[in-house]
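Visitor: I'm new here, and I'd like someone to walk me through this one. Can we have a look at it together?

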Amino acid sequence: MKAQGIDILPVEWIKEVINNVAERLVVVDRNGIIRYMDSAYCDFLDITPMDAIGKHVDQVIENTRMHIVANTGIPELSSVQPIKGSEMVANRYPLYVNNELVGAAGTVIFRNPQEWLDYSGRIQPLLEELQYYKRKFEKEHKSKYRFSDLVGSNPRFMEAKQLAERGSYSQSSILIIGESGTGKELFAHSIHQNSTRSHYPFIRVNCASIPENLLESELFGYEEGAFTGAKRGGKKGKFELGHMGTVFLDEIGDMPLLMQSKLLRVLQEKEIERIGGQSPKSVDVRIIAATHRNLEEMVMEGKFRQDLYYRLNVLKVEIPALRDRREDLLPIAYLLLKKLEKKFNRQGIYLSNAVELTLESHSWPGNIRELENVLERAINVLDGREITMEHLPLYLRDQEDSAGGSFPSLSAKTNQEEPIQPLKDTMAAVEKAALERAINLAEGNKQKAAKMLGISKTSFYDKCKLHNLP
Ligand SMILES: Nc1ncnc2c1ncn2[C@@H]1O[C@H](COP(=O)(O)OP(=O)(O)OP(=O)(O)O)[C@@H](O)[C@H]1O
Ligand SMILES: [Mg+2]
């Protein structure tokens, strides 16, 4: 045996290899006499190799052209050859040994098209399933915005944007500060999108909406059997899910003190320990945290750990409130209108002069999100293309006379002028208006808003979700 190439393989092995590859093989000599036929080809023809070998190929395989190729030395590739009622795809190669034409080798790629269909029929659903999960993963764990989506020419805003953009290239933690609805989440998405981690997950955790007793398992995960009700096989926490990517800790100011210590340990050790776990796992995540609260004040009041604050506050990006960047109001309003036009399949919507002036003079406690809600509401009640005062919510229309606004559907004016709606719609509108007002008055502090309304935080979140409020 020569120690090179295929010669190193024993003949029995070579036969087995040929039998196992997807293609079916036949070899003929110059006279078209079959010298070899692999067992899969024989099975398909319902014969044994002994039946085939030594016979002229024309007697064994229908419509064959192997003897012709063995004679002309001209290959024939991808030709369709009907055999036993099925169309097969055949390749025929002349065989040259020491520069002399000695015969031909032929393969069949798919035994028949039906088999290919069966095969693809089995593969197709798997590919679709894979696509579904890929899309779902991308939707959930990918950042959706980039810096070019952040509109504004106000100097303070541009400064914040530039700082965030520069910071995105580093691995340092970033703290985003801004009132509710100023675009903190948009900034976090853009930073991730612009970073070297953009191909890895972007995981958002809303520290305010996860009940305190679940926060730990959400962040760090748990092992199977860690507690009653723990899922089989355990569960990965957000830090593990975000490995190599970015974890966005939204509303960090609402994180309970105990969790703050645990978070600090993760940031220091770069390791997490699942609940009920035996050994720590190392994780590599970049942290972006955001809050509308004054963390420095909270540190002084002992409500936020100072050491954690320093760890997070490596780069501080402060987004100005909308009322402090009035020059950006109309450009943002028109950008939002464009987005809403797409959503509602409308075109050419614009604001009347009076509306532009009203929007410019409002104080926007709910910032861009409030503006977005106002415009969405207007489009909902708009027949033509011009948004006029009557399309604005009452608290904006009545701005001057009732500074702070009144509940729309309860005012005397409404009772007289507006047609009667089904009671359930009126109740829903009143509830929504009350929620909006509380959110505005509490300057986005949800806990405070829930307290003002005299309802629990959970029920507050449920209601906000129901009414599509932030
Ligand atoms: N500069 C901007 N240009 C255009 N749209 C913006 C801009 N900033 C924010 N938005 C829009 O405003 C809305 C609120 O933004 P975002 O959710 O990022 O705010 P937030 O500060 O995280 O608010 P909250 O504190 O309520 O969570 C989003 O719908 C976003 O698309
Ligand atoms: Mg947010």
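Predicted model: local features only at pLDDT ≥ 70, side-chain atom pairs only at ≥ 80, totals over all residues.

What follows is a chat about the chain as a whole, one histidine and the ligand.

Visitor: How many helices and strands does the protein chain have?
Guide: We're looking at 470 residues, and 42% of them count as buried. Among contacts with a separation of 6 or more, 63% are between residues 24 or more positions apart. The secondary structure comes to 22 helices and 16 strands.

Visitor: Is His 292 buried or exposed?
Guide: You'll find His 292 in the loop between strand S13 (286–291) and helix H12 (295–300). Its relative accessibility is 19%, and the cut-off for buried is under 20%. So His 292 counts as buried.

Visitor: Which side chain does His 292 join in a polar contact of 3.3 Å?
Guide: Leaving out residues up to four places away in sequence, His 292 touches several others, including Ser 180, Lys 184, Glu 251 and Asn 445. One of those touching residues also has a side chain in polar contact with the side chain of His 292, at 3.3 Å. That partner is Glu 251.

Visitor: Which residue has a side-chain N or O atom 2.7 Å from an oxygen atom of ligand 1?
Guide: Let's start with the backbone. Thr 182 has a backbone N or O atom 3.3 Å from an oxygen atom of ligand 1, and a polar backbone atom of Leu 186 lies 3.0 Å from a ligand oxygen. The 2.7 Å pair instead uses a side chain, and the residue is Arg 369.

Visitor: How much of the accessible area of ligand 1 does the protein cover?
Guide: On its own, ligand 1 has 640 Å² of accessible area. Helix H8 (184–193), helix H14 (329–344) and helix H16 (367–380) each give two or more residues to the shell around it. The protein's cover comes to 94%.

Visitor: How many charged residues are in the shell around ligand 1?
Guide: The ligand is surrounded by 17 residues, with Ser 180, Gly 181, Lys 184, Arg 369 and Glu 372 the closest. By class, six are nonpolar and four polar, and the charged ones number seven.

Technical notes. Residues numbered from 1 in each chain as written. Chains lettered and ligands numbered in written order. Heavy atoms only, no water. Helix = DSSP H or I, 4+ residues; strand = E, 2+ residues; numbered from the N terminus. Buried < 20%, exposed > 50% of the residue type's maximum accessible area, 1.4 Å probe, protein only. Polar contact = N/O pair within 3.5 Å; in protein donor to acceptor, adjacent residues only side chain to side chain. Contact = heavy atoms within 4.5 Å. Near = heavy atom within 4 Å. Areas by Shrake-Rupley, 256 points an atom, 1.4 Å probe, with all protein chains shown as cover. Nonpolar A, V, L, I, M, F, W, Y, C, P; charged D, E, K, R; others polar.
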